[in-house]
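Please look at the sequence and the model side by side, and keep both in view while you read. The paragraphs that follow go from one element to the next.

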Amino acid sequence: MTTRQHRKHRNRQPQAEAPLPITITAQEKLEKSRVALTVQISPEAVKRDTERAYQMLNNRYAIPGFRRGKAPRAILKNFLGEPLIRQEMLESLLPKAYQQAVLDSGLEFIADANPDLEVVNAVLDGEVTFKATVPVAPTIELGDYHSIQIEPQPAEVTDEQVQQTIDRLREMSATFTEVAERAVEKGDRITIDIRCEVDTAVTLDEHDLTYVVGNGTLSSEVEGGIIGTPSGEVRAIVVHLPPDYAQEQYADKDAVYTIHVKKVEQPIVPDLTDEFAKKAGDVDT
């Protein structure tokens with residue numbers, strides 16, 4: 001490539017398409033946050049897209065006696081008919097005109113909303129007028145909210161609520177120590193093997209399950225049977241399932257739980273001291 005050719009090639013810049021010459025002749029607010037725009041497209045733009053429609057159709061259809069794309073406009077129009085040419089022109093022109101109308105209107109249209117386009121008037125090489133009905137962002141009118149007065153309600157904290165919160169913090173900070181010769185009590189941390197059978201079906205089979213008695217992991221009927229069981233013992237607990245049990249095949253039947261209590265650990269709740277207070281929260285005492 002010569003220097004002149006390189007300079008010529010380098011100076012070729014893509015030309016930005018000029019705004020489509022349109023006029024919004026009417027703008028009407030409709031119910032349900034919609035706006036109807038009446039848009040008029042200039043004859044200059046219509047003529048340009050009409051010519052483009054002729055070229056596209058001339059290349060698409062073979063006209064008898066002419067090579068494809070070489071038929072004169074008058075012959076093409078007589079052969080295909082004006083409605084088909086007008087349709088081709090509108091399919092190219094209307095989307096561009098609608099996008100230009102959106103920009104010119106300054107309205108906040110809802111993204112990705114499909115407009116309802118209605119052609120009012122369309123003349124080849126002449127003027128095109130269409131109506132676009134589109135949803136827009138709703139207008140929210142605030143009432144006289146400045147006149148609303150709310151009296152602040154002072155928060156009253158009782159000594160009982162304070163004590164309950166402190167007790168809960170102590171329980172959350174508890175440590176556990178194993179007790180070998182004591183039956184299970186509420187609040188203990190236990191390690192169990194648990195198996196459940198309904199008829200001959202095994203619905204649960206877990207080993208070394210560790211949880212704190214009373215935290216809701218197991219049903220109250222099963223926990224009621226576990227409490228009082230010494231460490232190392234096996235206990236069978238029968239629970240009758242209700243008629244509306246979620247798994248219909250087991251509804252209104254007896255579920256037999258076999259539970260082996262393998263380890264019992266009792267909670268050691270920390271004393272209420274300044275040291276505990278520093279660990280439990282951002283306080284010193």
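D208 has its place in strand 7 (residues 201–212), where strands (E, at least two residues) and helices (H or I, at least four) are DSSP runs numbered from the N terminus. The model is a predicted one, in which local features need pLDDT of at least 70 and side-chain atom pairs count only at pLDDT 80 or more, while totals for chains, interfaces and linings use all residues. Residues are numbered from 1 along each chain as its sequence is written, and side-chain values use heavy atoms, with hydrogens and water left out.

Although D208 is not a glycine, its phi is positive, at about 55°. Most residues other than glycine have a negative phi. With a relative accessibility of 47%, D208 counts as partly exposed, a class that lies between buried (under 20% relative accessible area) and exposed (over 50%), judged with a 1.4 Å probe and protein chains only.

D125, which is not a glycine either, has a positive phi of about 60°, and it lies in the loop between strand 3 (116–122) and strand 4. D125 is also partly exposed, at 32% relative accessibility. Strand 3 and strand 4 form a hairpin with 5 residues between them, and D125 is in its turn. The two strands run antiparallel over 6 bridges, and two strands are said to pair if DSSP finds at least two bridges between them. Within this pair, L117 stands opposite A132 in strand 4.

Another hairpin is made by strand 1 and strand 2, with 3 residues between the strands, and here K32 takes a positive phi near 60°. Strand 1 (residues 22–30) is joined to strand 2 by 8 bridges in an antiparallel arrangement, and A26 stands opposite T38 in strand 2.

Which residues of helix 2 are buried? They are A45, V46, D49, T50, A53, Y54, L57 and N58. An α-helix has 3.6 residues a turn, so residues three or four places apart point the same way. The buried residues of helix 2 pack against strand 2 (34–41), helix 3 (73–80), helix 4 (82–105) and strand 4 (128–135).

Finally, I140 lies in the loop between strand 4 and helix 5 (159–172), and I140 is exposed, with a relative accessible area of 68%.

Definitions and conventions. Contact means heavy atoms within 4.5 Å.
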